[in-house]
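This report describes the fold elements and side-chain packing of one protein model. The sequence and the structure come first.

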Amino acid sequence: MGIMVQGKWRMEEFAERNRKGSYVRATTAFRNWIGGDNFPAEADRYHLIVAHACPWAHRTMIFRALKGLEDVISVAFVEPLMLDNGWELSDGGDPLTGAQYAHQIYAKAASDYSGRCSVPILWDKKTETIVSNESSEIIRMLNSAFDHLATKSIPDLYPEDLQAEINAVNEVVYDNINNGVYRTGFATTQNAYEAAFNELFAALDQMETRLEGQRYLVGPRITEADWRLFATLIRFDTVYVGHFKCNRQCIADYPNLSNYMRELYQWPSIAETVDMQRIKQHYYSSHLAINPFGIVSSGPDQDLNAPHDRDRLPCA
């Protein structure tokens, strides 16, 4: 793992980053918004840099697909492995930004940048800078800012009347599930691991109960909360159970969560955003402090296209 310090890339030991035992996710630095005079919503102006493996980047790919923005916002992928130079752009580099590594994009946006060089990155081609590297805000921009350019018409995924409940669910899911799997897997003390483990499965139990009597997390209508949870669920049994020791049980052992996950996977255009081979390759072969030989797990067998039972509940 590496970090930028005053515009210079340097390696950082895993133990140094997690020296207190508990994994702490770095805050994002670029928090601009599409809209207004600075960053108007225009076709072919913005560019996403994403990783197939990364659940945070996956959110943005899901919203881009749901809204039909593939011809409006271009995309570049990074290689599955994240090694000494961090995320490496696929195919020898990104011709649009001229970068071979993600940290070069950050340096181009801010020559004195200090911090993590994460994905997703929403890049403005016109001003040649990063609009945002905060996935939760990028998906809200994709949800509404480009509606006049979208080729697919879907209901607002962050409707005003549900925002308070969506925010409350997001808080539980983010702290304990989305980030909880990382706090479990990257813990370097037994106490930190067990605390994160218990919070993770308490939250999964809570979501399982929530989905017993309603189709989606905030009722009969699908919202951003569902897609934020989905990006973690789809990786759980394949990666987090084994690699991150999140092994009290699998998502397959939760009747509601497993059927719900398959329903979302089977939504139009969503399966195309999931590349399980690259997901597995990244986690098992990049985190050598956890898996020193980089051996990629062969299992589990999953049939994500198997029928689900969520039709038993009303859908708005």
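The text below covers strands, aromatic rings and helix packing.

The model is predicted: local features need pLDDT of at least 70 and side-chain atom pairs count only at pLDDT 80 or more, while totals for chains, interfaces and linings use all residues. Residues are numbered from 1 along each chain as its sequence is written, and side-chain values use heavy atoms, with hydrogens and water left out.

**Strands**

Helices (H or I, at least four residues) and strands (E, at least two) are DSSP runs numbered from the N terminus, and two strands pair if DSSP finds at least two bridges between them. Strand E1 (residues 2-5) and strand E2 (residues 8-11) are antiparallel partners joined by 4 bridges. These strands form a hairpin with 2 residues between them, and Gln6 in the turn has a positive phi of about 50 degrees. Across the pair, Met4 stands opposite Trp9 in E2.

Angles run from 0 to 180 degrees between N-to-C directions, and axes are lines fitted to C-alpha atoms, for helices over the stretch in contact. Strand E6 (residues 121-124) runs antiparallel to E7, with 3 bridges between them; Trp123 is opposite Ile130 in E7.

**Aromatic rings**

Rings of Phe, Tyr and Trp (its six-membered ring) pair if their centres lie within 6.5 Å; planes under 30 degrees apart count as stacked, over 60 as edge-to-face and the rest as tilted. By this rule there are 20 aromatic pairs. Two of these are listed here.

| Pair | Type | Centre to centre | Angle between planes |
|---|---|---|---|
| Tyr193 and Phe197 | tilted | 5.6 Å | 45 degrees |
| Phe236 and Tyr240 | edge-to-face | 6.1 Å | 80 degrees |

Tyr193 and Phe197 are 4 residues apart in helix H7 (residues 190-210), so about one helical turn separates them. Phe236 and Tyr240 are likewise 4 residues apart, in helix H8 (residues 224-243), and therefore about one helical turn separates them. Buried means under 20% relative accessible area, exposed over 50%, and partly exposed in between (1.4 Å probe, protein chains only). Tyr193 and Phe197 are both buried, and Phe236 and Tyr240 are buried too.

A charge sits over a ring if NZ of Lys or CZ of Arg is within 6 Å of the ring centre and within 35 degrees of the ring normal. Arg140 lies over the face of Tyr158, 3.7 Å from the ring centre.

**Helix packing**

The axes of helix H5 (residues 163-178) and H7 come within 8 Å and cross at roughly 145 degrees. Contact means heavy atoms within 4.5 Å. Among the residues that meet are Val169, Val172 and Val173 in H5, with Leu200, Ala203 and Leu204 among those in H7.

In helix H9 (residues 255-265), 10 of the 11 residues are buried, including Asn256, Arg262 and Glu263. The buried residues of H9 pack against H7 and H8.
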